[in-house]
Amino acid sequence: MDQKEDLCADNWENSSSRNEFTKEISSDHPSFSNFSSQQNQKKWEEPSILDYDIGIETSFQKFNQPSVTQSSIPHNPNNQAKILGQEDTQMQETYQTNKIHDWDPSTMLNNLSFLEQKIHQLQDLVHLIVGRRGQVLGRPDDLVAQQQQLIIADLTSIVAQLISTAGSLLPSVKHSLSAGMPLIGQLGQLGGVNIPPVPGINVSVQSHNNGGSKFSEQSNQNDLTAKYGSEQICNIEEHESKDDEDVDEGENLPPGTYEILQLEKEEILAPHTHFCTICGKGFKRDANLRMHMRGHGDEYKTPAALAKPNKESSSEPMLIKRYSCPYSGCKRNKDHKKFQPLKTILCVKNHYKRTHCDKSYTCSRCNTKKFSVIADLKTHEKHCGKDKWLCSCGTTFSRKDKLFGHITLFQGHTPAIPLEETKGSAGPVDHTIGIETTNKANVNFSFGSNAQDGCAVQDIMDVKGSVDDPTTYFSPINFDTCNFGGFHEFPRPPFEDSESSFSFLLSGLCSYTQKTGGESSSNNVE
Amino acid sequence: MKKHETFHLSNKNMENPFVIFTEEIIFSILDYLNDDPYAKRSFSLVCKSFYFTESRHRTALKPLRSDLLSRTFHRYPSIAHLDLSLCPLVDDSALTAVSLSWKSTLRSINLSRSKSFTSIGLLSLVTNCLGLVDIDLSNGSELTDSAAKAIAEAKNLERLRLASCKSITDIGIGCIAVACKKLRSICLRWCLRVTDLGVGLIAMKCKEIRSLDLSYLLITEKCLPPVLQLPHLEDLALEGCLGIDDDCLATLKHGGKAIKMINMSRCQNVSHMGLSSLTNGSESLQKLVLAYGPAVTADLTKCLHSFSGLQSIKLDGCLVTCSGIRAIGNWRASLKELSLSKCTGVTDEGLSFLVQTHKELRKLDVTCCSKITYASIDSITISCTSLTSLRMESCSSVSKDAFVFIGQRCQLLEELDVTDNEIDNDGLKAISSCSKLCSLKLGICVNITDDGLTHVGNGCLKLKELDLYRCPGISDMGIAAIAQGCPALEMINIAYNNKITDLSLTSLSKCSSLKVLEIRGCPQVSSVGLSAIAMGCRQIAEVDIKKCYNIDDNAMLPLAKFSQNLKQINLSYCLVTDVGLLSLSSINRLQKMTILHLAGLTPNGLAAALLACGGLTKVKLHTSFKPLLPQYIFKYMKARGCVFLWRNKPFQAEIDPKGWQLQSGRCPEAAE
């Protein structure tokens with residue numbers, strides 16, 4: 001404990017720019033460089049994430065290998081890794097809070113140096129492509145296209161980064177950035193747009209989790225159990241989303257009557273699928289790209305250029321296209337015995353993210369539900385907290401009929417009565433321990449308020465101490481949310497406090513406490 | 001051998017001849033004393049051993065006040081049925097004490113009139129008393145889902161009434177549905193927050209259900225398929241379910257197989273189409289209630305044509321056509337009960353045809369069928385000679401000769417309601433030959449006099465209930481004949497009669513089982529008469545002496561002394577003062593009082609009486625007293641479970657200001 005706090009304090013006392021830089025590196029390392037340090041390998045041994053991480057690793061090996069050696073990171077990774085693993089959680093949190101509140105020149109500097117680094121990496125990538133062009137066998141066209149796409153995406157992001165860095169100087173823009181923009185976007189701008197950004201983010205989540213869990217292993221054994229608990233929850237959710245996909249699968253095309261296309265992971269996870277050949281800007285929709293192209297000259301303004309490209313080919317009979325998931329062993333993979341194809345690219349994207357990616361978007365309200373598709377998160381956030389229909393098994397439902405359907409289906413499950421609005425946010429609510437739950441809420445409440453005052457060390461100690469006796473003090477819900485909140489990759493703005501302070505505590509509580517933990521320890525040192 | 005020895009012993013001592021009987025024999029003797037509520041009390045007061053025998057024998061208890069409950073725990077060790085409907089306040093600690101005292105014996109509990117208990121008390125009740133199979137929580141408007149959750153711990157529960165538990169939602173019902181697998185009967189009447197989901201879950205989970213009351217719920221067709229698939233469902237009440245209409249009933253594939261009773265009263269959106277789809281396949285249907293529902297047309301009656309088991313149908317207040325009524329006459333079934341109350345469309349033609357086939361009719365209700373005449377009564381009495389109940393209030397077109405037929409032909413009559421009819425002394429003379437008659441209602445029959453009533457008194461020995469409300473022809477002589485001839489009389493109403501004097505009451509005081517006496521608006525009655533009643537009729541429970549201007553405190557003292565069973569009294573407009581009221585407050589059982597316009601009553605006297613009268617649950621007072629009484633009284637009374645009803649009626653000097661309207665206007669419903 002003490003050692004950790006010292007470390008945090010040290011880092012805090014350094015210039016903030018250094019902190020942020022450290023953080024960026026920590027989040028970029030796994031994606032850009034095949035970070036072969038022992039530390040990282042160890043982290044990936046964790047079975048639940050193993051396959052995915054390896055997948056990412058190999059995919060980037062192709063393009064990014066040289067960047068390991070040429071990386072311009074000013075730290076020695078082997079020395080730094082341990083500290084990173086321990087502190088990056090907190091660092092990143094503090095960094096984010098800073099970002100939200102005010103702009104400072106160090107950030108600018110940071111961004112610029114990051115851009116520099118990024119351009120270097122791009123250079124490496126192009127080098128690599130040039131070097132490998134002759135050796136590539138198999139599907140050269142595909143690969144070339146992919147590489148091209150990656151480069152384009154990278155360039156796009158650099159451009160966007162530059163623009164946003166410049167824009168941050170304007171007060172009005174800054175305001176809109178800090179207040180209005182979703183944080184994920186902010187990270188994309190400030191923390192660096194990776195190639196492709198989404199897997200980058202995912203991987204960094206993993207590293208954070210691992211770093212965090214190791215840290216917690218040292219500090220407290222209970223954290224580990226809690227983490228496993230939440231992993232289980234993730235699994236359940238995964239099943240749910242799978243079910244969703246199965247439900248809308250109505251058609252039964254005989255095999256052979258359709259063309260099977262299989263996109264690669266990178267393609268699936270790329271944020272944009274349509275890129276401007278002139279400026280490299282990426283678009284999610286072809287129509288948007290065509291609109292964009294008009295700005296590049298009159299030749300793109302003709303009706304023919306603006307027309308939907310599919311329409312031309314509609315005269316000849318089109319073979320029905322169906323998609324396969326690149327993940328082998330998946331039911332949606334074409335090699336699977338009971339292969340069920342996916343209908344559209346969108347289905348592929350959502351399926352892949354939901355089923356084979358980490359759920360990196362955590363709901364900021366409940367801190368329990370995690371999603372891999374941001375739209376799912378947004379849908380959930382609309383209803384989060386309104387899931388007032390609980391089953392005795394702990395499952396929550398936003399609709400009463402869904403709860404009753406669930407109860408009809410499962411023997412022995414009964415509807416659970418929400419104790420109060422304030423208590424029924426998530427997780428299994430045990431009615432017999434109603435009093436304890438109240439206590440919990442109270443304690444958290446005081447904790448949060450103290451933390452805001454900046455003298456929460458005592459409280460943190462209290463809470464940590466009480467974790468030793470979890471059964472009497474914390475309900476299982478609290479465990480999950482509390483521990484997970486800390487390792488949360490993208491802290492959403494800590495609840496713009498529009499609602500009552502109590503609901504804020506319930507939802508934003510955990511990540512917030514962790515954050516303030518960092519701050520408060522530094523205060524302590526000061 | 002042992003028995004012989006005891007016999008010998010007792011012979012020698014001759015102290016207690018009952019010692020020779022084993023407890024089982026005495027118990028079976030006591031079982032026969034159930035009819036008279038006071039018999040067992042007398043028995044237990046004979047001697048100590050009888051006292052203890054009775055204590056052990058008693059299984060049903062209806063305590064007067066919840067604070068007396070704690071004394072009964074020790075006295076009665078084997079209570080199985082506890083009725084707390086007289087205790088307005090039953091708190092959690094009382095329920096816990098009950099559950100601990102009768103842990104193994106308690107089978108049923110009635111909390112329908114009790115308040116101030118919560119889920120905590122219920123939880124201890126159901127967890128301790130594992131044999132509890134019957135719980136009545138009706139009117140528990142404060143009970144929430146947590147109470148329902150507590151109930152769900154009663155795994156052996158078979159019968160549950162939750163009528164008007166308006167705070168219980170689907171969630172609570174869901175808890176009960178999942179946990180109480182043995183549930184056979186559940187009443188969710190007026191549980192307005194229970195929807196399709198809760199009802200559906202009950203039907204999905206509790207397959208043993210026999211009786212299901214869903215009246216006035218906001219349910220739709222969605223919950224009906226699982227309900228109708230319940231294998232044992234016999235009674236289904238869907239009264240006032242406006243969410244159910246023909247379209248949704250049309251989606252049902254089949255009705256319940258075992259269903260015997262369907263109540264679809266006040267389902268205005270259901271016509272014969274919906275009814276036929278609901279009853280489709282219900283071969284064993286016996287009873288159908290369609291009051292205030294669809295129009296009774298030939299179509300409707302045709303769809304019920306084939307139910308050969310149908311015994312009873314209620315069509316109260318329905319729009320009735322002649323062809324519809326005639327079609328009932330063609331049914332395969334032979335009805336035993338038919339109610340056409342307030343069906344103004346009933347005509348002689350239809351009714352006469354109907355009764356020709358349904359000769360087995362036992363009960364017929366043609367209240368306010370103003371179109372039927374002599375002819376109908378003629379054919380009814382010819383066909384249905386085994387009629388036991390005939391209600392024909394306000395059949396104003398029936399001439400007085402018709403009532404003679406009733407008496408001559410329906411000798412088995414037990415209940416006859418001829419309120420507001422043309423019946424005269426000849427009719428009464430004929431009716432007096434119905435020796436089984438228990439209940440006779442002659443209210444607003446202006447044509448009858450003492451002569452007719454004397455015949456009734458001579459013939460109807462079993463009469464228990466007599467209503468002579470606003471019968472101006474009746475005087476002391478008639479009442480005396482009734483009192484003489486009908487010793488079993490329990491209820492009599494002589495309201496608004498100028499001729500009745502103390503003599504009537506003195507003669508009525510011979511009817512020792514009289515329980516209800518209504519002499520409202522009889523100005524000639526004085527305290528002397530009421531005192532005679534108080535001394536003679538020890539079981540008297542309800543007294544209405546409103547506007548008996550000559551009754552004063554002198555009557556209250558004997559009432560207080562002798563009528564320890566008095567539950568309800570209306571003293572408005574009397575001469576009773578503080579003294580009389582205060583003396584009344586010594587009656588333990590007194591629960592309801594109406595005290596309006598008592599000239600001699602002071603706030604202090606009222607306050608003292610209210611405080612002294614421990615069992616009060618409902619007091620009707622004039623608003624003018626509200627500011628005059630000390631505020632703590634209200635708090636105190638509320639804490640004891642007493643409710644105040646404040647009335648702001650103006651003082652009416654004359655006895656019967658509306659009397660002429662009632663007499664001339666006849667039945668207002670019939671006039672519409």
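What area is buried between chain B and chain A, and what share of it do carbon and sulfur atoms give? The buried area is about 1200 Å², and carbon and sulfur atoms give 77% of it; buried area denotes the accessible area (1.4 Å probe) that two parts lose on being put together, summed over both.

The model is predicted: local features need pLDDT of at least 70, side-chain atom pairs count only at pLDDT 80 or more, and totals for chains, interfaces and linings use all residues. Residues are numbered from 1 along each chain as its sequence is written, chains are lettered from A and ligands numbered from 1 in the order in which they are written, and side-chain values use heavy atoms, with hydrogens and water left out.

**Between the chains**

Chain B brings 15 residues to the contact and chain A brings 16, where contact means heavy atoms within 4.5 Å. On the side of chain B, B:Ile171, B:Leu197 and B:Lys205 lose the most area to chain A, together 44% of what that side buries. One salt bridge is counted between chain B and chain A; the term requires a side-chain nitrogen of Lys or Arg within 4 Å of a carboxyl oxygen of Asp or Glu. This salt bridge joins the side chains of B:Asp170 and A:Lys400.

**Within the chains**

Over all chains, the whole structure holds 23 salt bridges. One of them pairs A:Arg354 with A:Asp376. Because A:Arg354 lies in helix H16 (residues 345-356) of chain A and A:Asp376 in helix H17 (residues 374-383) of chain A, the pair ties together parts that are 22 residues apart in sequence. Helices are DSSP runs (H or I, at least four residues), numbered from the N terminus.

| Salt bridge | Distance, N to O |
|---|---|
| B:Asp170 and A:Lys400 | 2.6 Å |
| A:Arg354 and A:Asp376 | 2.7 Å |

In chain B, the axes of helix H9 (residues 170-179) and helix H10 (residues 196-205) come within 8 Å and cross at roughly 0°. Axes are lines fitted to C-alpha atoms, for helices over the stretch in contact, with angles from 0 to 180 degrees between N-to-C directions. H9(B) is therefore roughly parallel to H10(B), a term for angles under 35 degrees. Among the residues making this contact are B:Asp170 and B:Ile173 of H9(B), and B:Leu197 and B:Lys205 of H10(B).

Technical notes:
Helix = DSSP H or I, 4+ residues; strand = E, 2+ residues; numbered from the N terminus. Parallel < 35°, antiparallel > 145°, perpendicular 65-115°, else oblique.
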